[in-house]
Structure formats: structure tokens, C-alpha cells
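Colleague: I am new to reading structures. Could you take me through this one in short steps?

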Amino acid sequence: MQQGGDVDVDAMIEDLRTLVEVESPSRDVEALAASAKAVAGIIEHRLGGQAVLVESDAGPHVHWSGGGEPRVLVLGHHDTVFPLGTLERRPFAVRDGRVTGPGVFDMLGGIVQAVHGLASLPDRSGVEILMTADEEVGSRSSRALLEERALACGAVLVLEGAADGGGLKTGRKGCGAFQVSIAGRASHAGLEPAAGVNALVEAAHQVLDIAGFGRPEAGTTVTPTVAAAGTLENVVPAEATVVVDVRVETQEERERIESAFAALAPHLPGARITVEGSITRPPMPESAAAGLFAVAQRLLPGIEARAVGGGSDGNFTAALGVPTLDGLGAVGGGAHADHEYVEIGAMAERAHLVAGLVATLQRP
């Protein structure tokens, strides 16, 4: 599969090195400002024009337009999950057909591949690129912007890493988190245990109730993940918290789960419960990707479609009714882990796949 001119894998690797070596942990605005400038620099060098830095309280988002009537949004993020200093412990490396380093798979490799793929096209009109600064922490500052540009363009290509085996991501679960806070009453655990209201015991009741919200047969998982309670070994706990990860496949399940959390009630007399959170990323139905995936199949016969549990900004754009295809980034694995890697042998093919999809979408 060739679209436009060829791409230079060695140049892609050097651009990827540039991005990885400018560490970009979410919520570190200073680091993200440097990362945004590096992303903008690569886009301008490879594609021409001007990449605009859109300031936000989460850090700068990077927006570029090829001009003309907008037809396709190439969407990604430049923030990563790794704290400053990770690079010193795990530096960028190229060996045995793989590139490793913090953020290479999720999702700096996808950014580089897309830019080089677009550079191979003789015409880039109708194309917009948006690389946000806060996807890994919920996209609160970028959501309005990415939704606006998705609606304006009418089609979205998401540069998250490929599914296992290189498949494209055609469906995603909606996801969110809830925090259940329990207020009890402290007392001496030895002298007056009955005078207290044990927030830890109440939390145990709540965990069992919450775990029962899951419906695996409907694709709904409800998983208590973090809990905290107590101050000293001889004090009845007055406070406790439970954090819960939730994934759903349908809007109906989203509504059921949010109602179930809202209806939580204490088991112990005197205990009080407060619930915060919601399912912040709506489900991405496979129907949203059907048309674009058919194009991808023509461009790269044999490529597979996968529905996955994790969320991305594609959840937001698909929920608007905008055709959205995800997983167009790097082929590799180990997202958010120390063994994160990108397969060098697939980089050119993925760059050409993005270019082919864009070329198709450019046509009226």
C-alpha cells in the first residue's frame, strides 16, 4: 500500500526521539509547554504552515490546519503518564527492531507516523491536526475544542496505539470513576468501640454493594480499585473512601450505573455517604467506525477490527455522531508500562494508512 510519496523511517525515528526526550507528564504545565513546542516544530518542519498553541490550564494544545474546507481531523495527545525523571531511568533506545522509551506507544509514535504520512501527500487541504495536552487525565480542558473541530471536519482519525496484532479500534467502552466517601464517628477502639460509627465497616458494606453493580454479560465492569480508612490502630475510623473504576458498552448501562451510585445508602446507623464522579467518556459504538474501517480494509486488506475496554478522545467524537476510527497509531505494546515499545517494521505502513484514509476523505 503506497499513498503519495514514500516515508523515511529513519527520519520518523529521529522525530520520535525528539518528542520522547522532551518529557510530557500530564498536569505538568511547564513540561507540556515544552512538549507542545516540540510537536509544533515537527509539524511545521514536515508539513509547513503554522501550528498554533492553544493555551489552557492543563497545558498547550497544538492545532494545525492545511487550509480549505475542513474534512478530516487527525486527533491525538502529547501528554504521557510518566513522571519527570523516567527518561533518565529508561532512555530512548532503538534495538532489535523496536523503539523503546516513555510514551513511544501511547502515543508519541502515532503523532510522528501521522505527520510523516501527511507529508507524503501532495495536497493537505481539508486536513486538521489537534494534539491535546490532557487526554490521559480526562480531557477536561480540551474536550470542547476537540468536539468543535470534530463537528467542523465531519470525520476523525484517532492516533492511539493499535490493538493487539495491529488491529484498529472500532469500539470502546464508556469509562469513568466514582469516589464514595463515608463519614462515621471516632471513638476509642478499646474503651468505647460502640460509641463510634466505624467508617471502615461501612466501607466494607459499600464495596460489596458496588461490586454487585457489574454486569459482565452486558459488558459492564465495576471495579473498586483504591480504598483508605483509619488513623490509628486504637481509634474507630471516622472516615473512609473507596474509588471505583467503571466501564460500560451502552448508554443504557451508563444511566443504570450512575443511578445505582446515586442511590447508595448507609448500612450502619449514623454513617453518612457522599458520592462523587460519573462516567465521563461515553461509549464509542462500533457503528461510528464502520464506514472508515471499510476504507481502511480496502487500503490494507486483512487488517482487523477490535472493540476494546479503554477509552480515548474518540469516545467523545463518536458520541457526537461524527465518524471516528481509532487505533491508527503505532503498532507495539506496553502502554503505561516500563516495557512500552513500537515496532519499527510497521511504522511506514501505518503512516501510509493514515495518508490513504486522509486522501479518501479529502474527496467531496
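What follows is a set of questions and answers on this predicted model.

Colleague: What is the volume of the largest pocket?

Modeller: Start with how such a space is found. Rolling a probe the size of a water molecule over the atoms shows where empty space is left. For the largest pocket here, the computed volume is about 670 Å³.

Colleague: Which residues lie nearest the centre of the largest pocket?

Modeller: The lining of the largest pocket has 29 residues. By type, the lining divides into six nonpolar, 11 polar and 12 charged residues. Nearest the centre lie E135, E136, G138, C175 and R281.

Colleague: Which element gives the largest share of that lining?

Modeller: Several elements each supply at least two lining residues, among them α4 (104-119), β8 (168-172) and β9 (174-183). Strands β11 (239-248) and β12 (272-281) also belong to that group. The largest share is four residues, and it comes from β12.

Colleague: Which residues make up the covered face of β11?

Modeller: In a regular strand the side chains alternate between the two faces of the sheet. In β11, the uncovered face holds E239, T241, V243, D245 and R247. The covered face holds A240, V242, V244, V246 and V248.

Colleague: Which residue of β11 is the bridge partner of C175?

Modeller: β11 pairs with β9 in the antiparallel sense, over 10 bridges. C175 is also among the residues nearest the centre of the largest pocket. Its bridge partner in β11 is R247.

Colleague: And which residue of β11 is the bridge partner of A227?

Modeller: β11 also pairs with β10 (residues 221-229). That pairing is antiparallel and has eight bridges. The partner of A227 in β11 is V242.

Colleague: Where do the buried residues of α8 sit around the helix?

Modeller: Helix α8 covers residues 290-299, and its buried residues are L292, F293, V295, A296 and L299. Seen down the axis of α8, they fall within an arc of 155 degrees, so they line one face of the helix.

Colleague: What do the buried residues of α8 pack against?

Modeller: The partners include both strands and a helix. The strands are β7 (156-158), β8, β13 (305-308) and β14 (324-325). The helix is α10 (347-362).

Colleague: Which strands are at the edges of the open sheet of four strands?

Modeller: The order is β4-β5-β16-β15, with antiparallel pairing. Three bridges join β4 to β5 (residues 98-100), and R95 stands opposite R98 in β5. An edge strand pairs on one side only, and that holds for β4 (93-95) and β15 (332-333).

Colleague: What is phi for R27?

Modeller: R27 is in the loop between α1 (9-20) and α2 (29-47). R27 counts as exposed because its relative accessibility is 63%. R27 is not a glycine, yet its phi is positive, at about 75 degrees.

Colleague: What is omega for the bond between D106 and M107?

Modeller: M107 lies in helix α4. The peptide bond that joins D106 and M107 is cis. Its omega is about -5 degrees.

Terms used. Residues numbered from 1 in each chain as written. Predicted model: local features only at pLDDT ≥ 70, side-chain atom pairs only at ≥ 80, totals over all residues. Heavy atoms only, no water. 1 Å grid on protein atoms, 1.4 Å probe; cavity = no way out; pocket = protein on both sides within 12 Å on 5 of 7 lines; lining within 4 Å. Points joined across faces, edges and corners; volume = space filled by probe spheres on them. Nonpolar A, V, L, I, M, F, W, Y, C, P; charged D, E, K, R; others polar. Buried < 20%, exposed > 50% of the residue type's maximum accessible area, 1.4 Å probe, protein only. Arc of directions from axis to C-beta. Contact = heavy atoms within 4.5 Å. Pairing = 2+ DSSP bridges.
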